[in-house]
Amino acid sequence: MKNETYITARYAETDQMGIIHHSVYPVWFEVGRTNFIRMLGISYSELEREGIMLPLSRLECHYLCPVHYEEEVLLETRVEKLTASRIQFSYRVLLDGTLMAEGSTTHGFVNADTLKPLNMKKYCEELYLQLAATMGENHV
């Protein structure tokens, strides 16, 4: 299962060459990740109220083609890997079907108060199973 988010490139996101600056893609990934979680019926702020935080431990982005001001891109977000203590999201940025960039982020599940790792299978089994179900047969 994937989440699809449309993003129109804003002027403030461009560099002197008129293309989207490389630092913007992680922000777009966050938009996709937030929308993916919301698609499951829970918001990031609700996760935090439940005592769950998802700190970033790894970020990758491969820039293939430039995106320009006012172009509307499709951001596809998926859960790529899932364990009891970590989750990896993958992202694809497409413009009219052409892959412009792709990347991934890896996050740990941690307790909001102690910042110690959580076993999501035990701490919040329902959410863990929802995330696993989005992966179909690819679940780890």
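Is Glu 70 buried or exposed in this predicted model?

**View 1. The open sheet of five strands, with antiparallel pairing.** The strands follow one another in the order β1-β4-β5-β6-β3. β1 (2–8) and β3 stand at the edges of the sheet and each has a single partner strand, so one side of each is left without a neighbour in the sheet. From one strand to the next, the twist averages 20°. Strands of a sheet pair through backbone hydrogen bonds, and the pairing can be parallel or antiparallel.

**View 2. The pairing of β1 with β4.** Strand β4, which covers residues 72–82, pairs with β1 in the antiparallel sense, and seven bridges join the two strands.

View 3. α1 lies across β1, β3, β4, β5 (86–95) and β6, and it runs at about 135° to β1.

**View 4. The largest pocket and its lining.** About 150 Å³ of space lies in the largest pocket. Its lining is made up of Pro 26, Val 27, Phe 29, Glu 30, Arg 33, Thr 34, Tyr 44, Leu 54, Leu 56, Leu 59, Thr 105 and His 107. The elements that give two or more residues to this lining are α1 (24–39), β3 (56–63) and β6 (98–108), and α1 gives the most, with six residues. By residue class, the lining divides into seven nonpolar, three polar and two charged residues.

**View 5. Glu 70, in the loop between β3 and β4.** Phi of Glu 70 is near 70°, which is a positive value in a residue other than glycine. Most residues other than glycine have a negative phi. As for the opening question, Glu 70 has a relative accessible area of 53% and is exposed, because the cut-off for that class is over 50%.

**View 6. Leu 115, in the loop between β7 (110–111) and α3 (120–123).** Leu 115 is a residue other than glycine with a positive phi, in this case near 60°. The relative accessibility of Leu 115 is 56%, and the residue therefore counts as exposed.

Terms used. Residues are numbered from 1 along each chain as its sequence is written. This is a predicted model: local features need pLDDT of at least 70, side-chain atom pairs count only at pLDDT 80 or more; totals for chains, interfaces and linings use all residues. Side-chain values use heavy atoms; hydrogens and water are left out. On a 1 Å grid over the protein atoms alone, a cavity is a set of points where a 1.4 Å probe fits but cannot get out, and a pocket is an open set with protein on both sides within 12 Å along at least five of seven lines; lining residues have an atom within 4 Å of a point. Grid points are joined across faces, edges and corners, and a volume is the space filled by probe spheres set on the points. Helices (H or I, at least four residues) and strands (E, at least two) are DSSP runs, numbered from the N terminus. Ala, Val, Leu, Ile, Met, Phe, Trp, Tyr, Cys and Pro count as nonpolar, Asp, Glu, Lys and Arg as charged, and the others, Gly among them, as polar. Two strands pair if DSSP finds at least two bridges between them. Axes are lines fitted to C-alpha atoms, for helices over the stretch in contact, and angles run from 0 to 180 degrees between N-to-C directions. Contact means heavy atoms within 4.5 Å. Buried means under 20% relative accessible area, exposed over 50%, partly exposed in between (1.4 Å probe, protein chains only).
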